[in-house]
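Please keep the sequence and the model in view while reading.

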Amino acid sequence: MISAGANNTYGHPNPGVLERLVNSGTEIYRTDQMGEIQMKIKDGKIDVRYKLTMDDS
C-alpha cells in the first residue's frame, strides 16, 4: 500500500519505484488513486477493499 495525497507536490510515489513493483508482480494499492483502503486478514487470506469519495478527487 502506498500512502500519498492526490496532487502531492513531492511526486510520490516515485515512478522508478512503481516500475520495479510492477515488474516484480507486486499488487499496488494507492491512496491517491483509490482513496480509503481497508485490508482485513481472515483465515490466512487478505481481503482488500477501497473507496474513492468525491471529496478525494
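The points below move from the overall fold to individual residues. The model is a predicted one. The protein has 2 helices and 2 strands, and from the N terminus these elements follow the order α-α-β-β.

**Overall form**

- The radius of gyration of the protein is 13 Å, whereas a compact globule of 57 residues would have a value near 10 Å.
- The C-alpha trace of the protein spans about 40 × 30 × 10 Å along its principal axes.
- Among the 57 residues of the protein, 18% count as buried.
- The accessible surface of the protein amounts to about 4800 Å², and carbon and sulfur atoms contribute 50% of this surface.
- Of the contacts in the protein with a separation of 6 or more, 25% are between residues 24 or more positions apart.

**Arg-30 and Asp-32**

- Arg-30 lies in the loop between helix H1 (15-23) and helix H2 (31-34), while Asp-32 belongs to helix H2.
- Arg-30 has a relative accessible area of 14% and is therefore classed as buried, since the limit for this class is under 20%.
- Asp-32 is also buried, because its relative accessible area is 17%.
- The side chains of Arg-30 and Asp-32 are joined by a polar contact of 2.7 Å.
- When neighbours within four places in sequence are left aside, Arg-30 is in contact with Ile-2, Pro-13, Leu-18, Gly-35 and Ile-37.
- With neighbours within four places in sequence again left aside, Asp-32 is in contact with Ala-4, Gly-5, Ala-6, His-12 and Pro-13.

**Strand E2: Arg-49 and Asp-47**

- Arg-49 is located in strand E2, which comprises residues 45-51, and Asp-47 is placed in strand E2 as well.
- Arg-49 is classed as exposed because its relative accessible area is 54%, and the class begins at values over 50%.
- Asp-47 has a relative accessibility of 43% and so counts as partly exposed.
- Leaving aside neighbours within four places in sequence, Arg-49 is in contact with Glu-36, Ile-37 and Gln-38.
- The side chain of Arg-49 also forms a polar contact of 2.6 Å with the side chain of Gln-38.
- Asp-47 touches Gln-38, Met-39 and Lys-40, if residues up to four places away in sequence are not counted.
- Gln-38 is accordingly listed among the contacts of Arg-49 and among those of Asp-47.
- Arg-49 and Asn-7 are 42 residues apart along the chain, and their C-alpha atoms are separated by 22 Å.

- Met-39 is found in strand E1, which comprises residues 36-42.
- Met-39 is partly exposed, because its relative accessible area is 41%, and this class covers values between those for buried and exposed residues.
- Met-1, Met-39, Ile-41 and Ile-46 together make a nonpolar surface patch of about 460 Å².
- Met-39 is therefore a partly exposed residue that belongs to this patch and is touched by Asp-47.

Definitions and conventions:
Residues numbered from 1 in each chain as written. Predicted model: local features only at pLDDT ≥ 70, side-chain atom pairs only at ≥ 80, totals over all residues. Heavy atoms only, no water. Patch = residues over 30% accessible without salt bridge, like charges linked within 9 Å, V, L, I, M, F, W, Y side chains within 5 Å. Areas by Shrake-Rupley, 256 points an atom, 1.4 Å probe, with all protein chains shown as cover. Salt bridge = Lys/Arg side-chain N within 4 Å of Asp/Glu carboxyl O. Helix = DSSP H or I, 4+ residues; strand = E, 2+ residues; numbered from the N terminus. Buried < 20%, exposed > 50% of the residue type's maximum accessible area, 1.4 Å probe, protein only. Contact = heavy atoms within 4.5 Å. Rg over C-alpha atoms; globule rule 2.2 N^0.38 Å. Polar contact = N/O pair within 3.5 Å; in protein donor to acceptor, adjacent residues only side chain to side chain.
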